[in-house]
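Student: Hey, I'm new to this one and would like to go through it with you. Could you show it to me before we start?

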Amino acid sequence: MNTTEQTGAVIKKIFLAPLDPVHDVALKVLKRMLSDRGHETVLLPPDLPMEEIIARAVEEKPDVIMVSRTLGYGVAELMARFIDQVEIAGLRDKTRLVVGGKAIHPSLAAELGFDAGFGAESEYEESIAYVEEREYVPRTEREAKVKTDITEGYSYAYGDPGVEKILDEIVDEIVEWTSMRTSDGIRRAEIRKKMLAPGNKPNAALMKEYLSLCDEKIVKAYETSQYPNKVRALTMEEEASLDAYIAAMKKEERSSVLQHTRKKPLVFVQYGTGCPIMDIQHIKTSEGWGADGVFHFDPSWGARTEGFLSGCLSHEEDGSVITFENLTKIKHALHPATLWTVRAHRGLNTPETAVLAGEVGADLTKINIAYGSLNGGTDPERLTVDGTMCIRYAAEYGMPFDIVTNEELGGVPAEKAFAGMLIVSHLARRLGARPILKPLFCYSPNVMIRGLMDDNYIDYNAAKIIALREIIDAPIWPGEPIGFMTHIEDRIQSAMATALHAALGVSLGVDGITIASTDEAYSRGPISVAARVDTLQAVKEVYRFFGQARIEPTPVARTWADELVKGIVKVLENVARRGSFVNALYEGLLGSPDDGANPGRAGRDTVEKI
Amino acid sequence: MTASIGIIGTAKNTGKTTTASSLLAHYAGSGIRVGLTSIGYDGEDVDNITGLPKPRIIGESGNIVATARVCYESSEAELRTLKETDIETSLGNVIIGEVVRAGRIVLAGPNRGIDVRHVLQYMDDMHARLSFVDGALNRIVPLMETDGIIVATGASRSTSVDYIAGEVSAILEILALPRAGDDFLGADVPDDRDIVLFSEKKGYAGLGFSSLIRDEQVERIIDHLDPAVQWIRIPGLCSLDAFKKLAVHCTSIVWGKRIILRNPSQLLLSADTKAMLDLISLLQKLGILLQVERKIPVLAVTVNPFYPVFQSGADTTYKAGLIDGEELLKKVRSSVHIPVMDIEKEGPGMCIKVINERFGI
């Protein structure tokens, strides 16, 4: 048996017969692919009489005859006649018959009498595998997803040593200042770590100590099972049902790939319905439609509460309660290749969140002392102490973290937000962690006021990336989500806005993007699964459309990037000059009340000197 | 020994599955073990092309069914697997099963004649007394493996009653071609895959090809044709044009012998059955006998006045249309000499009578 040099498959002789004069493109593509693989292919002229096709087949004895035809009423009878003629001509024993066309599917192929049928849903690879008589491995399996380290390959080297020097000065102060301080948040994190240590049994003394550091509503829940308003524990039946659902999902584990010929950016979505069951449904849907990662959105009241609840809990409003049990269920449900972020970027529990996330097996977390202090409602002093510890835990557990600059959404100009981000990034590097920069692709208040996106949404967003790349060689993952404030209450517009911003991310070669569903822009209620699929499909089309091509910003992007760099450096110099990162936060150097930033109150006066 | 009945149609939606379902329902509970398969795809909810509802097939307890794996596994009837065959289809290999608990089944069985033969053998092994093979579209060839044929025709072939009647009459005449005599059937024909001529003087002359499609093939036959040749055996496809050319030549030499085909389906695959019949009649007038090695009796004709009407701009692209059923029945009955019925209106009684008489049930 002769085999092809290219693949080692047995060489087949294939007739490709377009049965109508126009719809022969797929056959021509197949001819190229099969010939490239070393097979002998004969493309017959379109619209040849069937008897002539058969006459040639009798003479040349192909192994496979592949026909294509659009279907309409009456055409099926013609195709059926063809099958009969092939059989009568004595070809059926040795020659396999394949039909292709947009409307074709296996049951129609069976009705027509063909041995196989491939339609719009089929990949070319499927027909080729059939010709070569080997098992077809779907693309989703061929390109099985593996987890990616979004920080791989980055040196974190600075473009300007002067910038690094300023940051060193700022970070030196932070490290020294925090080394002399602690909080209940840090203590609870230490206790949690002990509780979750391998081999450790439930320890009443530890729990008592833990609860002594918690707010009353947390203590009440542990002692009386009375949960905060709108929170309840899942019933045993609900938990069993959830476990069964997860087990069933695992059997049909499916993920798909959004990216086409590029590997980046990875695509993330956020979940946080409040209910772990629905969260997992959203996650599985998102995975099935191509999301590379998901992140956990927790309720804002949790950030203002000292301590965490326990158990599988449901919450009636936005945000899914962080408990060890909830996180464990979600972890169990995840596809092995899905990257999972548990956020620790604001609130009174950030170090403990990092411990929980690390212990449960999250891949990433989110930390930004500047944002969490200025627009996240947490006291700057408290968050600086806690956030620094949180970064230490992130390093310990090997979890890279993104530094989200959501201050921009409050009105803080990008240069200040980025200065805060770079400080946290440098602190992370000092403490052995791996930070990911997260500028926003958004139509922020400051941009509106300054008219920076009056013409297009491209240049200023591009300027951000250009500026950051000039300053530091670090991974960049815009969010949160991309296109924020450009979406309106229109499903198509919302999908387009996300897709176009994704196209910009692709063009700029960023490492990740966070996308919203089409509901999230304006939803005053639940986010539907269909709305998630909208934007995942839209982004998939972006990858396909662009391939290796890209959007090109105008020269103004360069100008703005230069201005941004200068602005960032100026802010950093101001912070360094102030001599206290915490005071810089309080005094608005990284975002002032005029900008729309206000130091948070949660945890005020709760830091203790050691 | 199983008696097998194939249900062929002149087009899609002519009532093949309705006929099969009706017969199956009749024999349910009769104590007669029935086998069922299809050379197409039958019993689905809606038509693959028109989207209109399709007749269901209910497998009754004790029936033996042969269907592709995908259909077998999604069957609503409870099935006990008897055999997993190596007969391949686009929906997986064919599995033979027994209906344990009645329910709906979707049939997608063997689509080649040789595989139909094997499935019928399996049915026989499983002691099916009767086996029905539901046809597909207007396919005929695989059903030449059965012991009897029911022809289903109707308005989806043509809305002209005259056309329907004329065509089915032509089909029946071709299917009624006489069987080759024992002198031929006992002959030791070398290489039965090729066209062979025989004369007592020269013996067998194989031409190296099986079908009559191209002009040069006709010319090869003519080169060998002389008055001494007693018969030509054509095992493969006979196109109308090639056959015409051969016929023209035959008229010029007044040859007057026999043309033998494997079975009549070889002459039923051209676009114009009536033109083929005219040609056959011409040959017969010249004293040339057309005979077949295998003759399958036609038991009955069923007619269906339904046809799908295409409509643009509506939610479904097709809707149900009807021609005058009474007129259809009357015209077809006057055109053929075997029982004709509208099974949906009249039930399968007439058909059952013919089947039972024919096969001694």
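Predicted model: local features only at pLDDT ≥ 70, side-chain atom pairs only at ≥ 80, totals over all residues.

Student: OK, and what do Glu73(B) and Arg69(B) form with each other?

Tutor: They form a salt bridge, in which the closest N and O atoms are 3.4 Å apart.

Student: Which residue does Arg101(B) meet in a salt bridge?

Tutor: The side chain of Arg101(B) meets that of Glu78(B), with 3.3 Å from N to O. This pair links distant parts of the chain, since Arg101(B) is in strand E6 (residues 94-101) and Glu78(B) is in strand E5 (residues 78-84) of chain B, 23 residues apart. Both ends are partly exposed, Arg101(B) at 46% relative accessibility and Glu78(B) at 38%.

Student: How many salt bridges are there over all chains?

Tutor: A search of the whole structure finds 63 of them. One in chain A joins the side chains of Glu306(A) and Arg382(A), at 2.8 Å from N to O. Glu306(A) lies in the loop between helix H13 (300-303) and strand E10 (313-315), while Arg382(A) belongs to helix H17 (residues 380-396), so this pair ties together parts of chain A that are 76 residues apart in sequence.

Student: Are those two buried or exposed?

Tutor: Glu306(A) is buried, with a relative accessible area of 8%, and Arg382(A) is buried as well, with a value of 0%. They also belong to a network of salt bridges that links Arg188(A), Arg192(A), Glu306(A), Glu352(A), Arg382(A) and Asp386(A).

Student: Switching to rings now, how many aromatic pairs are there over all chains?

Tutor: The count comes to 10 aromatic pairs. Among them is the pair of Phe198(B) and Tyr204(B), which is tilted, with 4.8 Å from centre to centre and 45° between the planes.

Student: Why does that angle count as tilted?

Tutor: Planes under 30 degrees apart would count as stacked and planes over 60 as edge-to-face, so the 45° of this pair leaves it among the tilted ones. Phe198(B) is buried at 18% relative accessibility, whereas Tyr204(B) is partly exposed at 32%.

Student: Which residues do ring pairs link into a cluster there?

Tutor: The cluster consists of Phe198(B), Tyr204(B) and Trp231(B).

Student: And where does the charged end of Arg96(A) sit?

Tutor: It sits over the ring of Tyr130(A), 4.7 Å from the ring centre.

Student: What about the backbone, which peptide bonds are cis?

Tutor: Most peptide bonds are trans. Here, the bond from Lys264(A) to Pro265(A) is cis, with omega near -5°, and Pro265(A) is found in the loop between helix H11 (236-251) and strand E8 (266-271) of chain A. Another cis peptide bond joins Gly479(A) and Glu480(A), with omega about -5°, and Glu480(A) is found in strand E16 of chain A.

Student: Which residues have a positive phi without being glycine?

Tutor: Asn13(B) is one of them, with a phi of about 60°, and it lies in the loop between strand E1 (3-9) and helix H1 (16-27) of chain B. His127(B) is another, with phi near 65°, in the loop between helix H3 (113-125) and strand E8 (130-134) of chain B. Asn13(B) is buried at 12% relative accessibility, whereas His127(B) is exposed at 62%.

Student: Last topic, which residues make the nonpolar surface patch of about 320 Å²?

Tutor: That patch is made by Met448(A), Ile449(A) and Met485(A). Met485(A) is found in the loop between strand E16 (479-484) and helix H22 (491-508) of chain A, and it is partly exposed at 42% relative accessibility.

Student: And what does the model score for ipTM and pTM?

Tutor: The model scores ipTM 0.93 and pTM 0.69. For chain B, the mean pLDDT is 90, and 96% of the residues reach 70 or more.

Notes:
Residues numbered from 1 in each chain as written. Chains lettered and ligands numbered in written order. Heavy atoms only, no water. Phe/Tyr/Trp six-rings, centres within 6.5 Å; stacked < 30°, edge-to-face > 60°. Buried < 20%, exposed > 50% of the residue type's maximum accessible area, 1.4 Å probe, protein only. Lys NZ or Arg CZ within 6 Å of the ring centre and 35° of its normal. pLDDT = per-residue confidence, 0-100. Patch = residues over 30% accessible without salt bridge, like charges linked within 9 Å, V, L, I, M, F, W, Y side chains within 5 Å. Areas by Shrake-Rupley, 256 points an atom, 1.4 Å probe, with all protein chains shown as cover. Salt bridge = Lys/Arg side-chain N within 4 Å of Asp/Glu carboxyl O. Helix = DSSP H or I, 4+ residues; strand = E, 2+ residues; numbered from the N terminus.
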